[in-house]
Amino acid sequence: MASALVRGTAIACGVAAVAGLGIGIAVGKPIRPADVQSTRLLPKDLCARLGDISTLLPKATTVKAFTQLGITEITCAIDVPEQTQPTFSAASIKIRITPYAGREAGPGQPPSTPLDVAKQAFARKPWPTVNDRPYPTKVDKHAGQDPRVAVLVYRADLTVQVDYAAHPIDLATAQQAAQVLADRAIWESQ
């Protein structure tokens, strides 16, 4: 009886192994972590490369350069609070440059490329699209007491979001400035 049980178990294991091998070949080669593309490295001086931004700040501003934060995702920020100004003016600029890595997909699917992942991140923002731009662009504008503009630009494996708030400011002018900063950040990220 015991030998029949062992023989039956051995046959079942053999059938399972052959079936598993057949299913594995039919589904495709398994994805290894090495098959997923990693995030590219951005320049360490990326914020400094963005150039002179003094025209986007109040005239009496003494701070003229971005503060850079992050290693993989880089944030360039500058803040000029109204309390530091002799006039009723203020400005805040934040640029977030995000390179994307590939991602594992479902079973039997090839991994997503960094380009696909960046495009998905861009598509998730519900903001209106800006036409006639060299790169896909979305914008979110808010008028009122504290006017602000947010611009999101996508190119290859990068998204760049520029948040620009200032007063007094014209929103159309702020949008143009934010778009120029986003394009410059994409260019300097290469």
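Two strands count as paired if DSSP finds at least two bridges between them. Strands (E, at least two residues) and helices (H or I, at least four) are DSSP runs, numbered from the N terminus. The model is predicted, so local features need pLDDT of at least 70, side-chain atom pairs count only at pLDDT 80 or more, and totals for chains, interfaces and linings use all residues. Residues are numbered from 1 along each chain as its sequence is written, and side-chain values use heavy atoms, leaving out hydrogens and water.

Start with the sheet. Seven strands form an open sheet in the order β1-β2-β3-β7-β6-β5-β4, with antiparallel pairing. β1 (67-69) and β4 (129-130) stand at the edges; each has a single partner strand, so one side of each lacks a neighbour in the sheet.

Now take the pairs. β2 (residues 74-80) and β3 (residues 90-99) run antiparallel, joined by seven bridges. Ile78 has Ile93 in β3 as its bridge partner. β4 and β5 are also antiparallel, over two bridges. There, Val130 is partnered by Thr137 of β5. These two strands make a hairpin with six residues between them, and Asp132 in the turn has a positive phi of about 60°. Six bridges link β5 to the antiparallel β6. Lys138 pairs with Leu152 in β6. The hairpin of β5 and β6 has five residues between the strands, and Gly144 takes a positive phi near 120°.

Next come the helices. Angles run from 0 to 180 degrees between N-to-C directions; axes are lines fitted to C-alpha atoms, for helices over the stretch in contact. Contact means heavy atoms within 4.5 Å. Helix α3 (residues 114-124) lies across β5 (137-142), β6 (148-155) and β7 (158-167), at about 155° to β6. Helix α4 (residues 171-188) packs on the sheet and touches β3, β4, β5, β6 and β7; its direction makes about 30° with that of β6.

Finally, look at Arg133, in the loop between β4 and β5. Beyond its neighbours within four places in sequence, Arg133 contacts Val153, Gln179 and Asp183.
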